[in-house]
Amino acid sequence: MAASGGQFGVTGPLSLGLPTDVDRRATEALVDELKRQNNYESPTETNKRLAVLNSLQQIAEEFIRHVGKAQGLSDSLVKNLGGKIVTFGSFKLGVIGPGSDIDTLVVCPSNITIEDFFATFPEILQKMAPEGSITELTLKPDAFAPIITLKYNGVDLDLLFGRIAIHSQIKKDLVMTTPDLLRGLTDQEVRQLNGVRVAEEMLSLVPELGVFRAALRAIKLWSSRRGIAGNIYGFPGGVVWAILVARVCQLYPKAVAATIVAKFFQVMKRWQWPMPVILKQIDYTTRIGNLKVWNPQIYPGDKYHLMPVITPAYPSMCATHNIMRSTKEVIDKEINRAGDIAEQIIVGKAQWKDLFTKHTFFTADYKYYLSVITASTSEEAQLPWSGYIESRVRHLVKLLEDHPSIALAHPFNKGFARVHRCHNEAEVEKAKGGSLEHQAKDIATATTGHGLAVGASFKTDLVNAEQKADTNGSVTMVYTTTHYIGLELHPGVKSLDLELLVARFRNEQCYIWDKYDHESNAICIIHTRNSDLPDDLFEEGEVKPTRKQKKKTTTNGASKKRPATEDPNQAPAKRQQTQQTSVVAAG
């Protein structure tokens, strides 16, 4: 909502200039490029989503009535319990793309519990939805944010449970941004509601929704293509990019989308971090329970946030607390690159497609990588194990940052899931240790993590792998997921021993998992040179780095050639030993 005098945000605008014809043409070209990049879904797909959400509203109301009856409530009370389906994330903000999931909250009255949600909602869902329309239904009651994931008529959904303790009835016109809705809730219940509340607040704080949405689509596509999206890896998540774009819209309230995108990089390049980005004044007067509001003057931990971006809904929180020194450096580098390109685009010397070119993380950025490999011999064991380690990778990055020989540790924002067919225990151990010798080539490498998908989805491909597994009992399927960290060493460093650091990471971050089973879960961290990266990391047209061969000379000065019988895929014994002991040779 605009402040008095029509001002949006906590400061006045930097410019009230109206768009020129050049600005409008640049915006038309931007939207055309976004469409070429398949960033917009078709009206048919949108209508399909809306039909699914309408059905979910009916299912939610029936679920709440069903629980109410089981609790012995009177028919009149049961009839008026209500219930509400609300969305957040990219769908709520109006920037969802083809194939993306819908973040959805099932808002329930005070008598409904999260235990009811997981015990009863799936049953009602299966009963009321058309036969065969519900697939990939997965319950995750023990997750940090308890969730039900599924496909409904092909539409991906993430369902969260939201309870309103102060209301015994939920009306469809309930205003979700009211802070009083948080009264009487646990911290977990507050987190469940806040995604919706942040999205709704954000939409009320931008001058022109159409401009905001087009610009946000561009920034989200850029951040995805450049590999700098994903809170779990220490990069900004979707809500952060949205808040940043919204702030630039506030500073240039009359601008069109192309101008906002160009100004975005200028503003972010010059932003005086750790000065926070906020869309409205932080509410320090409301007091609800023990809810903590971001305040570096009171909470010492808040002082250490490197790029604080603060959510607009009470209780305001820092959405960028996972950003680290290395990831901030990568973000700054990408913003500088993008700013130069955007300036060229506006003056007609470059095209929007140049902004969206793919990252060069594997093809050119680093000579050395750490490969963090999780492995299991069943899908059921691998999914949670790899997911847990994915959430720990940034802690390994922090340890690497503190190493005196390492200048930068850059985590890639996706994991790569592979499947291996092994015929004996020795082959199983090799697969767990990073060998691709027994990789099942008929099962595509899948990606996990943030951003635009490459290849198959992790879960779907693992299901396909189970179906393709040999059934004669002579083959053991090994499932691995690998996360890559690019390493930049300080000048002059000739060797780097990470054995103690890796052991500390395993002991302090991996083996402490409450579901860890040493027989089911394996983790291996190895050094990988750029020339030894797996082929499936490179798309068609990309050039894989090659290792320069040093000429060896004999005593008479003649070059010594490699024997023709030597297997070029066999790593030297010294390198094999190095990988097993997690020592990076920098020479």
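This report describes a helix pair and a β-sheet in a predicted model.

## Helices α2 and α5

Helix α2, which spans residues 43-70, and helix α5, which spans residues 114-128, have axes that come within 9 Å and cross at roughly 125°. The two helices are therefore oblique to each other, and α2 passes α5 in a right-handed crossing.

On the α2 side, the contact is made by Leu56, Gln58, Ile59, Ala60, Glu62, Phe63, His66 and Val67, while α5 contributes Asp116, Phe117, Thr120, Phe121, Ile124, Leu125 and Met128. Sorted by class, the residues in this contact comprise 10 nonpolar, 3 polar and 2 charged.

## The sheet

An open sheet is formed by 5 strands in the order β1-β2-β5-β4-β3, and its pairing is mixed. Strands β1 (84-88) and β3 lie at the edges, each pairing on one side only, and the twist from one strand to the next averages 25°.

Helix α5 also packs on this sheet, where it touches β2 (102-108), β3, β4 and β5, and the direction of α5 makes about 170° with that of β3.

Strand β3 (residues 134-140) pairs with strand β4 (residues 147-152) in the antiparallel sense over 5 bridges, and the two strands form a hairpin with 6 residues between them. Within this pairing, isoleucine 134 has tyrosine 152 of β4 as its bridge partner.

Strand β4 also pairs with strand β5 (residues 155-163), again in the antiparallel sense and over 5 bridges, and aspartate 158 in β5 stands opposite threonine 149.

Definitions and conventions
Residues are numbered from 1 along each chain as its sequence is written. This is a predicted model: local features need pLDDT of at least 70, side-chain atom pairs count only at pLDDT 80 or more; totals for chains, interfaces and linings use all residues. Side-chain values use heavy atoms; hydrogens and water are left out. Axes are lines fitted to C-alpha atoms, for helices over the stretch in contact, and angles run from 0 to 180 degrees between N-to-C directions. Helices (H or I, at least four residues) and strands (E, at least two) are DSSP runs, numbered from the N terminus. Angles under 35 degrees count as roughly parallel, over 145 as roughly antiparallel, 65 to 115 as roughly perpendicular and the rest as oblique. A crossing is left-handed if the near helix is turned anticlockwise from the far one by less than a right angle, and right-handed if clockwise. Contact means heavy atoms within 4.5 Å. Ala, Val, Leu, Ile, Met, Phe, Trp, Tyr, Cys and Pro count as nonpolar, Asp, Glu, Lys and Arg as charged, and the others, Gly among them, as polar. Two strands pair if DSSP finds at least two bridges between them.
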